[in-house]
Amino acid sequence: MALAGLYIHIPFCSVACHYCDFHFSTSLHSIDALVECIAEEMFLQKNYLPSPEIETVYLGGGTPSLLKKHHMDVLFNAIHKNFKLLPQAEITLEANPDDITKEKLSLWKNYDINRLSIGVQSFHDDELKYLNRIHTSKQNYQSVGMAQDAGFQNISIDLIYGIPLEKNHNKLQQSLRSALELNVQHISAYCLTIEPDTVFGRWLHSGKISAADDTFQAEQFVLIQNTLLQQHYEQYEISNYAKPHYISKHNSNYWLDRPYLGVGPSAHSYNLHSRQYNIANNELYIRQVKQHIIPAQIELCTNTSKYNDYILTRLRTKWGIDANEITKKFGIHFELINKKKIEEFMSEKMISFDENVYRLTKEGMLIADHITRAFFIV
Amino acid sequence: MEHIRNFCIIAHIDHGKSTLADRLLEFTKTINQRQMQDQVLDDMELEKERGITIKSHAIQMDYTYEGKKYVLNLIDTPGHVDFSYEVSRSIAACEGALLLVDASQGIQAQTISNLYLALENNLEIIPVLNKIDLPGAMPEEVKDQMVDLLGCDRNGIIAASGKEGIGIDLILEAIIKRIPPPKGDKNAPLQALIFDSVFNSFRGIEVIFRCYNGVIRKGDKVKFVATGKEYIADEVGILRLNKEPREMVEAGDVGYLISGIKSAKEVKVGDTITHVANPCEKAIKGFAEVKPMVFAGVYPVDTSEFEDLRDAMEKLQLNDAALVWEVETSMALGYGFRCGFLGMLHLEIVQERLEREFNQTVITTVPSVQFWVFDTKGNKHIVNAPSEMPDPSKIDHVEEPFIKAQIITKSEFIGPIMKLCMDKRGILKNQTYLTAERVEMNFEMPLSEMVFDFFDKLKSISRGYASLDYELIGYRESNMVKLDILLNGDRVDALSAIVHRDRAYEWGKKLCEKLKELIPRQQFEIAIQAAIGSKIIARETISALRKDVLAKCYGGDISRKRKLLEKQKKGKKRMRQVGNVEIPQEAFMAVLKIE
Ligand SMILES: Nc1nc2c(ncn2[C@@H]2O[C@H](COP(=O)(O)OP(=O)(O)OP(=O)(O)O)[C@@H](O)[C@H]2O)c(=O)[nH]1
Ligand code: SF4
Ligand SMILES: [Mg+2]
């Protein structure tokens, strides 16, 4: 039986970062009602997953670190009432450095939160400002330090690279050094992408900023890769690095075709047969849940969509593509239908083949989408 | 036969032919409420989407008038210039025509050209002033125009609205009273004219015909005169909303025939059907040959699909008699077809129909008109594609097709239209005021300047108040050169164009810029160059794509991302690989988009 994950989306932030296209609101007045509704949604959706046993919980957003004690009580009561949380469960909370205090940390411990994902993004105040983050680099060090002092032994930090303030890579190198000094177990490094419905997106449209230089970004990707691998982090997914035993179980579930339930506005769920999308609007979400309606749209998976999902997710990870598994799961002969492309990518050293598994090479990762498209069935 | 009437509805585009047909079908109870929808005869998906008629459509109605039962065969025709060949074939199956004029727009260019087609075939014309319900209708003024054009009796013009169902009874009365019944002899040998055909994958080819003499019965042994092929008439019948089998179809009527014909080549529009045992003496005069205006290469995206595409083209040709083609080869694209079209809309429709009805993904190359190239030895070469252009050193001179364009517009737009035509190397021949506000302008200009985006420009500068008709008037000498495009040093013949020398430099530069926009970045650098002969006149570079990977792929991203990549991959299917560069379809049309 595949163990499941629970994702809780907290759709509030104190300010909007210029690059962010997640669903959130900066007006916090409905937060109490919304948290109540998330609890109610857990009840409405309790039978969604194949089994009530939950192996991972992830509080994401938005900014879950701004939740108060009474919010956390409501959520965790609902979790325990509706699901069976396994003893070794990985429970992650996303936190912004500016929210982290001793009090908050000990509060989180009370709910058995054992993993923090801290949005430090950069160790340069000018970059943080450019991204419209409200914390400083100093707060980055302090918050991670406090979390470690409070006994959190599984800490992840987010970094953003490809920030076009300078043409050289000095700042990124410094940020990486700082990150390594913090000695965290996990680092997620995301390339700055400009999404249409964001401040940056509008600036790009109006010409205030220009499109990213992909050579610059590619160089930074490689720089991060080399630095972290050297320090014995494992790149288990394109944007994710972990010390041994510290890969994110919750996120890995997404890539290993395991079921998950997402609650809260804009959250997504997957139960091996269908994917489900919650409405991305706080008011409508509240209104519907209050009427005991699950505010979601369902999309059935087909054999082809599942095959494509497999290619898409597996190729990005260290688990890679297992041709035999594909045949077993989907009845599709991966090597047969992709013979030419496999040969081509192998000869270009974009993919490798090892113990029956195809994986992206370091170079291949830079063109993961290109390779994914090539193997897709459309 | 006294009780049969064959008529078509003709007009300028959008003057309401198909909508009026709806009302006639409703009024005669040929279709019921449940089957009714707007422009019900426009049954092709493309017609519905674009709101225009592409194919003529025949349908039979019953109508009782003054106690007598009549059979009325209606043919709805398209209004767009590119489909005038459809109109001309429909006319051959009729004795009369409803000529519609939109009461708010008055007489337009295709009102006149379609009227002439009908008059050449001696059709009885019933003038209908349509859309009288419109607030902007100018009934008296437009009636004046119609009287002037037709020399008809003012009282003979029927005021109608297809939308509101006004005047329908009067129209039906006029059809019965004014249009003569078909002539012909039931007892004479069978003589039926094929004017359309459709491919049906279950039943073979369906032939649509007008029976002039004799009777065709189910089970008859028949012969197609031009091809000499013989068949058994497995099924004959009439065309209602669906096909309705009958024991026979008689002289004067329009019907269909199914006889298990599998090969598209055996059916020629314009051919005559007769009996094997008792053949008619003469074939019916067929149709004038179509004169394609634009030529373009049509290639399968995947070279291995050439035979499938050929099969699809043959089947499509059955239903599109104006489509002509021959096999051609391109260095860049391999085997394909050089096709002749009546205009750019026709080209677009053919491409869409190949995709939707026959599941073909095709690339169309840069369209071109037909040039005549005279070499230094005095030989004439017909050049339908830039690749056929002889070496410049061997060329004495080039001639290009000229047209006479007739534009009807409001007088306030004379200035801008004049400028547009001059920009297009046009010469104003004359200008006639039809009324104080309406003017007819006649230009002579190169077809190549007119055929691509002229119509769109004309419409936009006249805010829609200009209509255009044109005809070929012959070839004239012009200073044309071949402009080549090189990608990473290799000439891509499918991207070449023949352009006027005075503009070649500017075009080369703009074309390179446009291609840079349209060709997606790839894993290596792409150099785009424009050249005349061996001389490079412009260059652009597309830098290599260094990174093609999205940052995040968590729960909700998975299906969003999958759909995005799937869509991109589908888009790629429309791209053609030339050397190692992938070129999207739009790139081949870039030449047309140059300002
Ligand atoms: N107000 C009004 N609108 C009409 C009338 N007849 C047609 N229309 C509108 O005019 C537009 C064109 O109508 P169609 O019947 O498709 O015209 P058409 O002549 O068949 O067009 P083509 O086949 O493309 O040449 C549609 O939007 C109709 O709704 C009418 O009598 N009155
Ligand atoms: S990045 Fe995080 S904190 Fe910033 S707007 Fe997005 S969800 Fe909120
Ligand atoms: Mg129509």
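Which residue of chain A forms a salt bridge with B:Lys563? Hi everyone, keep that one in mind while you look at the structure above. The partner is A:Glu299, and the closest N and O atoms of the pair are 2.6 Å apart. Please remember as we go that this is a predicted model.

Let's stay with the place where the two chains meet. B:Lys563 and A:Glu299 make a salt bridge, and across the interface of chain B and chain A there are 6 salt bridges. If you sort the residues on the side of chain B that touches chain A, you get 13 charged, 9 nonpolar and 5 polar.

How many residues does each chain bring to the contact? Chain A brings 39 residues, and chain B brings 27. Between them, the two chains bury about 3200 Å², and 56% of that is on carbon and sulfur atoms. On the chain B side, the residues that lose the most area to chain A are B:Arg546, B:Lys547 and B:Tyr554, which together account for 21% of what that side buries.

Now let's move on to ligand 1. Which residues are closest to ligand 1? They are B:Lys17, B:Ser18, B:Thr19, B:Thr53 and B:Asp133, out of 18 residues that surround this ligand. In chain B, helix 1, residues 17–27, gives the most to this shell, with 3 residues. By type, the shell around ligand 1 holds 10 polar, 5 charged and 3 nonpolar residues.

Here are some atom pairs to look for on your screen. In the side chain of B:Thr19, an N or O atom is 2.5 Å from an oxygen atom of ligand 1. For B:Lys163, a polar backbone atom is 3.0 Å from an oxygen atom of the ligand. And for B:Asp14, a backbone N or O atom lies 3.2 Å from an oxygen atom of ligand 1. On its own, ligand 1 has 640 Å² of accessible area, and the protein covers 85% of it.

Last stop: ligand 2, over in chain A. What kinds of residues make up the shell around ligand 2? There are 6 nonpolar, 3 polar and 1 charged. Among the residues that surround ligand 2 are A:Cys13, A:Cys17 and A:Cys20, along with A:Val15, A:Tyr19 and A:Phe24. A:Gly62, A:Thr63, A:Asn96 and A:Arg133 surround ligand 2 as well.

Terms used:
Residues numbered from 1 in each chain as written. Chains lettered and ligands numbered in written order. Predicted model: local features only at pLDDT ≥ 70, side-chain atom pairs only at ≥ 80, totals over all residues. Heavy atoms only, no water. Near = heavy atom within 4 Å. Polar contact = N/O pair within 3.5 Å; in protein donor to acceptor, adjacent residues only side chain to side chain. Areas by Shrake-Rupley, 256 points an atom, 1.4 Å probe, with all protein chains shown as cover. Helix = DSSP H or I, 4+ residues; strand = E, 2+ residues; numbered from the N terminus. Nonpolar A, V, L, I, M, F, W, Y, C, P; charged D, E, K, R; others polar. Contact = heavy atoms within 4.5 Å. Buried area = accessible area lost by both parts, 1.4 Å probe. Salt bridge = Lys/Arg side-chain N within 4 Å of Asp/Glu carboxyl O.
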